[in-house]
Amino acid sequence: MTTDPNLDSPRTAVSNPPIQPMPVNLGPGDVVRASAMPDLPAPTRELTPVAKLIDVSKCIGCKACQSACAEWNDTHPEIGFNTGSYQNPADLSDQMFTLMRFNEYENPETGDFEWLIRKDGCMHCEDPGCLKACPAPGAIVQYSNGIVDFISDNCIGCGYCVTGCPFDIPRISPTQHVSKKCTLCSDRVAVGQGPACAKACPTQAIVFGTKEDMVTHANARVEDLKSRGYDKAGIYDPQGVGGTHVFYVLQHADKPQLYSNLPADPKISGVVESWKGVTKTVGLAAIGLAAVGSVLHGLLSRGNRVTAEDDREAKELVEPSLPAQDKEA
Amino acid sequence: MTNSWTDIRNTDLVIVMGGNAAEAHPCGFKWVTEAKAHRGAKLIVVDPRFTRTAAVSDYYAHIRPGSDIVFLMATINWMIQNDKVQWEYVKNFTNAAFIVKDEFGWSEGLFSGYDAEKRDYDKSSWEYVVGEDGFAQVDMTLSHPRCVWNLLKEHVSRYTPELVEQVCGTPRDRFLHIAGMIGECSAPDKTMTSMYALGWTQHSKGSQNIRGMAMLQLILGNIGVRGGGMNALRGHSNIQGLTDVGLMSNLIPGYLNMPTEKDSDWATYMSKKGFKPLRPGQTSYWQNYQKFMVSFLKAMWGDAATAGNDWAFDYLPKLDVANYDILRMFEMMDKGQVNLYFCQGFNPLLSFPNRGKLTSALSKLKLLVVMDPLETETAHFWENHGEHNDVDTASIQTEVIELPTTSFAEDDGSLVNSGRWMQWHWAAGTPPGQAQRDTWIMSGIFNRVKKLYQDEGGPFPDAILNLTWNYADPHEPSAEELAKELNGRALEDVYDLKDPTKLLAAKGKQVANFSQLRDDGSTMAGCWIFSGSWNEDGNMMARRDNADPDETGAYLGWTYAWPMNRRILYNRASADMQGKPWDPTRKLIEWNGEKWTGYDVPDISPTAKPEEVGPFIMNPEGTSRLFTRGMMRDGPFPTHMEPFESPIANVFNPELRGNPVARVFADDLAQFATSDEFPFVATSYRLTEHFHYWTKHNRINSALQPEFFVELSAELAAEKGIEKGGWVRVWSKRGSVKAKALVTGRIKPMQCGDKTVHCIGIPLHWGFMGAARKGWGPNSLTPFVGDANVETPEFKAFLVNIEPIKGEAVS
Amino acid sequence: MSKRYYSQPGDRIKEFNPVVVSRYRGFTRANHWLTAFSLIALLLSGMALFSPYLYFLTGLFGGGQTTRWLHPFLGVLLFFSFLVLFLQLWRLNLPKPEDVTWVEKIGDVVKGDEEKLPELGKYNAGQKFVFWAMSGLIVALVVSGVMIWQQYFPDLVSIPARRWAVLAHSLAAVAIILVFILHVYAAIWTRGTISAMTRGTVTGGWAWRHHRKWLRELAGRERRDPAE
Amino acid sequence: MNIDLSRRGFLRLAGAGVAATSLGAMGFGGAEAAEQAHVRAFKLASTTETRNTCTYCSVACGILIYSKGDLAAGETAEIVHIEGDADHPTNRGSLCPKGAALKDTVHSQTRLTQPRIRRPGSDKFEEITWEEALDKIARALKDDRDANLIQKNEAGVTVNRWTSTGFLAASATTNETAWLTYKVVRSMGIVGFDNQARV
């Protein structure tokens, strides 16, 4: 049962966690991209891309994912207030890597009321804006299986990743001054386990596996939804960021913004692109040229020297004002 | 549950009414999503609120709290009118054909025999016509005007879609759509499952709500089949077990009854049990009652229980009233008639109605003993917590002893889940500080009391001095010893009743199952239905074979399910009169010509011929009951009754208030309100982020749902000038609470005839102890009245008023 | 005491033989070097976070975390230090008609053919440009800097605004570095300049060659009120 | 691996070996940290796994409790993690938001660790020993039963009923605890006996 690979019903909890010590199967050799490390050598091997599929149509908004996430990652989300919503904590934080966002929707076509509940968190973009924006070498890495991970030891807490992310996910710890987000439970994946949220999810609205399998499963889910009258059901796997390793099945794929403002066509902001792209290269070039240019000019052209003539002229100019004793001398 | 959680995957249609499975039982609800994903099953939700379950439903309709019977009877009426009936099932497996006495009748919301003085019925007319042969008379053609079917037909004829709209506030078209979906399941190869919980039980007529759906399921032929059944989603991890073991005022383990004063002696007591069959050849399993009762008494008092002293029958207390249930105990407490009270892992101050009365009652105790792993409000009821528990500490003379107990993670033992699976678990952690197991504490108390009686003597010490206590460590009996006691063992050699030479269980051996129990004192068993859970084959509850041949969801090798490891009750009813499955693709058991075989343990004698023996072996009729005779206090059919506090008068009889036979104490009657004073209907419920009053001690759950709130419609909010996230005061005739306002489109005003009914939702997880923000529970507001049959408090429908108030700003 | 047009208090003929002219008071020089120090520190720490090839520069400040923490505070230091400098120098950096001619003859400037250029006051157009460019860019850097100061103003502006801010910050930084290079280079190329900020004085010849009007005014003042 | 890389990048920029060493000495290590760092160490390695059942609702999900130290082997065991049992037929490893946070309930700051008593009129709990507590309770039971046990009713029928003391049992305890509780409570004649079944 528990090893059933049956795709139309993926078992995210394929097995129970190991308790015997075992080598961690996800390391430097698997890094395909690292922040501020332009000359990263090719990874020593190629892992199969993985993905977490969130089927919003199966989600009951129970927050088991939030709970399991906090438990596994030993975080302590604050005990806040009720602000007139089921959404608690009120927002993602350095202590809460994932969040159920609740949205009430009166469907104008059917006249039915719908409660759209979306699990928010890191999308693990194929083209991660956070990684692009990050100035600290190795603070953000992307493994060949698609997981985008924050390495706190290297993080300097500058918050550039916040500007880089098209989904407003990273949060900077006000106490440790490092950026935090969902790691897709890289420590669990490293020993062959699914993420804590996916294992906990009671209705398997969250499933984890190879991206290929998840897409197959997602298509089956979309078919089921269409058979139940959701003609616009579809997959949200935004190509603007090269696709994501966390993706959704939506009842209304044509209106992602219904799901607590899921961006319709997310991509890394042009501003960030030009900052990290043209500005950096052109800027560095200009600075380099200026430096080199001035040095060369300095070497080739002789400096602008004061001549004896200048000194004499100056002396003459100030002559009348020479003190008396000097004149007599 | 008649079926199991994993069986839900076999259904075609799930109706969640009187519950909120996704919210309260997410991991069980998994099997609803599986059925949807793999069978294309549909999900219907009928609820006053658009719940988390509704969020993933295929069709939703709202309903006014406390009007379920109208909806259900109207559905049955629709089935009959539109011939959506599983006829072969109804004729053979229900008591539809039984002839009822002419005196039985119904008018103006009341059945025959009502006595307004006693608030009770004379139920003598609610009976079958019994012939000279001693058997009930039947008309298999269902043409007799007095047969149950025709009486039912006539009874439900009053419940029309128009009445549903008028009383329930459910739009007519919504009702008809749902009726249509349900009707499809009358086909022998289509099944519907009903998942319900306290949304149906917590009414003054809770039992009748559930009967209503049970009757519908019988008419559709959905009881005893895969993917069908009546599935009560029980609340606590071992609420089923505690009920099985009979930790209630009127129960003896295994659903035997405590004697009352009318049972002046053993013979009188037994004369009312051991029912004879009402139809020829039927099983009527309760004929074995005496075997179970004697084995229980032997388990209690061993050698002191002899034929000579009627098996120590008089050691048992005898009741003078139906029930010393918790409501009655708090009523007595409040009158100063109770001195000592024990709360073992129970927090009544937050879980029973009318908190004001509870506090006053607790304040009159001499001694309150609380055994709990956590700091409960009950243990701290005397402590002033400002507006959250504004008591005059100094004036409270109650002595309180708070004893630290272990938690689930620190002891071994078995729990019975909703599907009657008895699952064994093992301790994993060292208890914190001086925390002790309940078994150690109870032994400590008992051994001391026993010693006091040995040393000092006292009134009737026999039952205490003779209680069997032959444990290896008398200070802390092991879970294994106790489990074996529950299963039972042979005290003498036990032989086959048909073949006296065949030894079944040698003296001192565990009995294999309850078929080996005897009424001659040669066996003992603490709880007969548990027999088989720990026999000579070992601890069956610890089995972990999760193989599931053909994916039926039975898992016969996983732990043990009472009775007899049976996973689906009444499973004989899954096959027709020839013993062939109604739906070959969903075979459960079938008759192979000699015996019953299949995926489950047959719920009938394995050799009982299908055409001869009825499937409902616990009933003397051998059938199920559409008409319950005198077995329920408030009627053999469900009839519409309004809640005690309702904005609308009973359409059948404006004079009736609530359930006409529900027990009401004088002081509480005075505290019932009317809708001119309190215009809004309130209903209470759980949230998925919390478990009752435990998880507010848990920082993660407290973060997920930190603060007490109430839910109301945008329309009502606008009417009252209430803002999202603002503070409101909600008050009833019994108390007042302060909460955050959650204004939502998930609650809508309901149009009941010419009356617009606004509903206010009140979750129940907050108090004044623990990690979450301090708040209140709905029980500060709820009425002190219970169901007429089982005294479950009316938490789901009562009247309140609401207004916006100033409070510190929302962060 | 007559009005100064091309000089400011403290500017005077210090010695006559050879001629030595006081150009900057001690306070101004200290102020300048503090400004210079903070600008260089900012430049190094900023560049470290600007390009991975320069990240090693965080080593100068004790690692990335401290660099990230220190950089904005250095920015604040620069801002106030420069503000004080600004208040002393802004008046003589106001444009004058001769600046136009000077710019037109920029070719002669580069050739060092001073005789073709108009007589100038204390500052030439190039120096004025550096002054005003610094002023403007520092304001831009401080404003955009605060907008992206994660530790103390995480929610000051929206994320899109932060994106623009970080872009503006880096553009301004590049610009100010170029201006800085120009400033330093000019100071070196124009021999005899650096002493103005070290010793505070320049030779008469230097003053005559580059800032004749300034020298004339100082000389004139000596004449009008001879020393007793 | 990246060490060389970074140093390469670094040398190219510095343009001079001398600068490299001196700057290297000034904390180039910052980049080197990147090399060692990868995913967090798996926290369940070398723990003890114990099978248990969720204590909340009666879906009765299978759970696995991970502890440092093995209770079965007589060691003290500290629970470090709890998650769903993938082998369990009902929950298949999944858990609800309550079950997923069970660990925090076990370690709740408001768990009781010491018997306490609140004297009449007092505004606080005082710690007492188990001996004191149990003796006090037994004495109170004996006295109240002696005073209030009804042995016969008016009609002379033996009823052996005790109504002035009540007992609420816990529906989260095991069947075994329940059975022992039943024996103790019933043998004394207590009829005010109930559990959460009604709520």
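**View 1. Helix α1(A), residue by residue.** In α1(A), the buried residues are A:Ala64, A:Cys65, A:Gln66, A:Ser67, A:Ala68, A:Cys69, A:Ala70, A:Glu71, A:Trp72 and A:Asn73. A residue is called buried if 20 or more other C-beta atoms lie within 10 Å of its own, exposed if 12 or fewer, and partly exposed in between, with C-beta atoms placed from the backbone. The helix is thus mostly covered, with 10 of its 10 residues buried. Helices (H or I, at least four residues) and strands (E, at least two) are DSSP runs, numbered from the N terminus. After α1(A) comes A:Asp74, with a positive phi near 55 degrees.

Two notes before you go on. This is a predicted model, in which local features need pLDDT of at least 70 and side-chain atom pairs count only at pLDDT 80 or more, while totals for chains, interfaces and linings use all residues. Residues are numbered from 1 along each chain as its sequence is written, and chains are lettered from A and ligands numbered from 1 in the order in which they are written.

View 2. The unreviewed UniProt entry places a "binding site" at A:Cys69, A:Cys182, A:Cys185 and A:Cys197. UniProt positions are given in the numbering used here, feature names are shortened, and annotations may be inferred rather than shown by experiment.

**View 3. A:Cys69 and its surroundings.** You can find A:Cys69 in helix α1 (residues 64–73) of chain A. A:Cys69 counts as buried because 28 other C-beta atoms lie within 10 Å. Setting aside residues up to four places away in sequence, A:Cys69 touches A:Phe97, A:Thr98, A:Ala196 and A:Cys197. Two residues are in contact if their C-beta atoms, placed from the backbone, lie within 7 Å.

**View 4. A:Cys182 in its loop.** Look for A:Cys182 in the loop between β8 (179–180) and α4 (186–189) of chain A. A:Cys182 is buried too, because it has 27 other C-beta atoms within 10 Å. Neighbours within four places in sequence aside, A:Cys182 is in contact with A:Phe97, A:Thr98, A:Gly121 and A:Cys122.

View 5. Chain B contains 22 helices and 33 strands. The C-alpha atoms of chain B fill a box of roughly 85 × 70 × 55 Å, taken along the principal axes. Of the 811 residues of chain B, 63% are buried. Among contacts in chain B with a separation of 6 or more, 71% come from residues 24 or more positions apart. For residues 681–798 of chain B, UniProt (unreviewed entry) lists "domain: Molybdopterin dinucleotide-binding". This stretch is 11% helix and 31% strand, and its end C-alpha atoms are 6 Å apart.

**View 6. Where chains B and D meet.** Among the five pairs of chains that touch, chains B and D have the most contacts. Here 104 residues of chain D are in contact with 136 residues of chain B. The side of chain D that touches chain B has 47 nonpolar, 36 polar and 21 charged residues. Ala, Val, Leu, Ile, Met, Phe, Trp, Tyr, Cys and Pro count as nonpolar, Asp, Glu, Lys and Arg as charged, and the others, Gly among them, as polar. Strand β12 (residues 340–344) of chain B runs parallel to strand β7 (residues 158–168) of chain D, and four bridges join them. Strands pair if DSSP finds at least two bridges between them. In β7(D), D:Phe167 is the bridge partner of B:Phe342.

**View 7. An open sheet in chain D.** Three strands of chain D form an open, antiparallel sheet in the order β1-β2-β3. Its edge strands are β1 (48–53) and β3 (78–84), each pairing on one side only. Six bridges link strand β2 (residues 62–68) of chain D with β3(D) in the antiparallel sense. D:Ser67 stands opposite D:Ile79 in β3(D).

View 8. UniProt (unreviewed entry) lists "transmembrane region" for several spans of chain C, including residues 69–87 and 129–152. Residues 69–87 of chain C are 100% helix and 0% strand, with end C-alpha atoms 29 Å apart. Residues 129–152 of chain C are 79% helix and 0% strand, and their end C-alpha atoms lie 34 Å apart.
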